[in-house]
Amino acid sequence: MRFRATVENVPIFYRLIQAVEKLQKKCIIKFTENEMHVICNDDANEGGIQVWSVVKVDSMFTSYRIQSNANNEITVTLSTEALLSALRSSSSSASSSAVVASLIPSYDADEVVMKLAKKNDQAVLSFEMFGMSRSGRKVRVAHDVRIDVMRPAEGDKLHEPRCPDPDVHILLPPLQKLRTIVERLRPLSDVLALRANNSGNLQVSISTDTVKLETQWVKCANPSMAKQGLAQNDDDDAEDISLDKPDPEKMFSVLVSIRSFLKFLNSHVVSTTTIACLCHNHCAILYVYIGEIADAGGVLTYYIPTVIDGDD
């Protein structure tokens with residue numbers, strides 16, 4: 001089993017793990033020949049939220065080499081905090097925070113190499129940084145992250161949650177602005193209602209015995225996201241499907257844990273475009289694109305199940 005790659009885009013890698021670290025202290029990373037998957041699927045997560053992200057190797061790494069007996073796939077579990085620390089130590093540009101940057105050694109790495117290694121019989125993901133200090137001296141820094149390598153049979157059991165076809169797809173406003181609003185609602189309620197229709201209306205609201213608040217956006221885009229298998233239908237079937245389209249003004253809703261939704265909103269550090277897909281009274285599926293959709297380097301997919309409400 002061998003793995004080695006040069007991390008070409010340290011800031012994006014850092015922000016990706018930064019978003020995940022807010023959700024779960026340990027994550028699963030699956031390396032394949034063409035993709036890196038970062039997975040958080042712990043049932044103990046707040047509100048049952050899960051993250052299944054896919055990043056194209058070419059958008060993050062160069063000199064990428066992987067070899068294993070399991071179809072050249074390697075799956076590991078590791079501490080998100082430890083990985084974040086390793087990436088942070090590579091460069092002050094890894095973090096946009098001035099406070100964090102002030103704690104980082106005064107050098108920028110010209111090259112960051114990540115490889116699978118073994119230290120004292122412990123598997124590690126080893127990071128080696130090569131660069132120059134601000135005073136002009138050559139610098140080499142090594143940072144090891146302890147990992148547990150999953151057996152191929154365990155990796156094969158990893159599957160994304162099964163969900164019904166969404167009733168509505170809608171482009172969310174900038175996550176940083178949405179986060180500001182939801183933060184103000186958090187002290188007032190534990191449950192947040194997400195509602196949207198196919199006419200570009202989006203609502204975020206809370207409702208308790210003492211307060212009811214709603215924020216609405218209009219003229220949001222409703223992107224079309226092709227259903228799997230639709231291309232196999234003949235013309236008659238396609239016509240039948242078009243007749244089944246819901247009333248564009250009909251609102252579809254999902255009640256979610258407000259804490260879960262705020263954990264999703266931490267992905268604003270990496271987001272450029274985010275699409276919400278609502279499965280009425282079942283779950284919200286949120287696609288956070290890394291880069292513009294047309295040439296996105298990857299996508300984080302958040303699954304947030306509905307909260308069972310006795311009045312619903």
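Start by selecting K30: at a relative accessible area of 19%, K30 is buried, because the cut-off for buried is under 20%. Keep in mind that you're looking at a predicted model.

Next, pick E128, which is buried with a relative accessible area of 12%. Which residues are linked with E128 in a network of salt bridges? Select K115 and R140 to see the network.
- K115 to E128: the side chains meet at 3.5 Å, N to O. K115 lies in strand β7 (residues 107-119) and E128 in strand β8 (residues 122-133). K115 is partly exposed, at 23%.
- R140 to E128: here the N to O distance is 2.4 Å. R140 belongs to strand β9 (residues 138-149), twelve residues apart from E128, and R140 is exposed at 52%.

A search of the whole structure turns up six salt bridges.

Now for the inside. Select I170, L172, L178, L194, L202, V204, F261, A276, L278 and L286: they line the largest cavity, which has a volume of about 50 Å³. Strands β12 (202-207) and β15 (273-279) each give two or more residues to that lining. Color by class and you'll find ten nonpolar residues there, with no polar and no charged ones.

Finally, zoom out: the chain has eight helices and 17 strands, and 44% of its 312 residues are buried.

Note on methods:
Residues numbered from 1 in each chain as written. Predicted model: local features only at pLDDT ≥ 70, side-chain atom pairs only at ≥ 80, totals over all residues. Heavy atoms only, no water. 1 Å grid on protein atoms, 1.4 Å probe; cavity = no way out; pocket = protein on both sides within 12 Å on 5 of 7 lines; lining within 4 Å. Points joined across faces, edges and corners; volume = space filled by probe spheres on them. Helix = DSSP H or I, 4+ residues; strand = E, 2+ residues; numbered from the N terminus. Nonpolar A, V, L, I, M, F, W, Y, C, P; charged D, E, K, R; others polar. Buried < 20%, exposed > 50% of the residue type's maximum accessible area, 1.4 Å probe, protein only. Salt bridge = Lys/Arg side-chain N within 4 Å of Asp/Glu carboxyl O.
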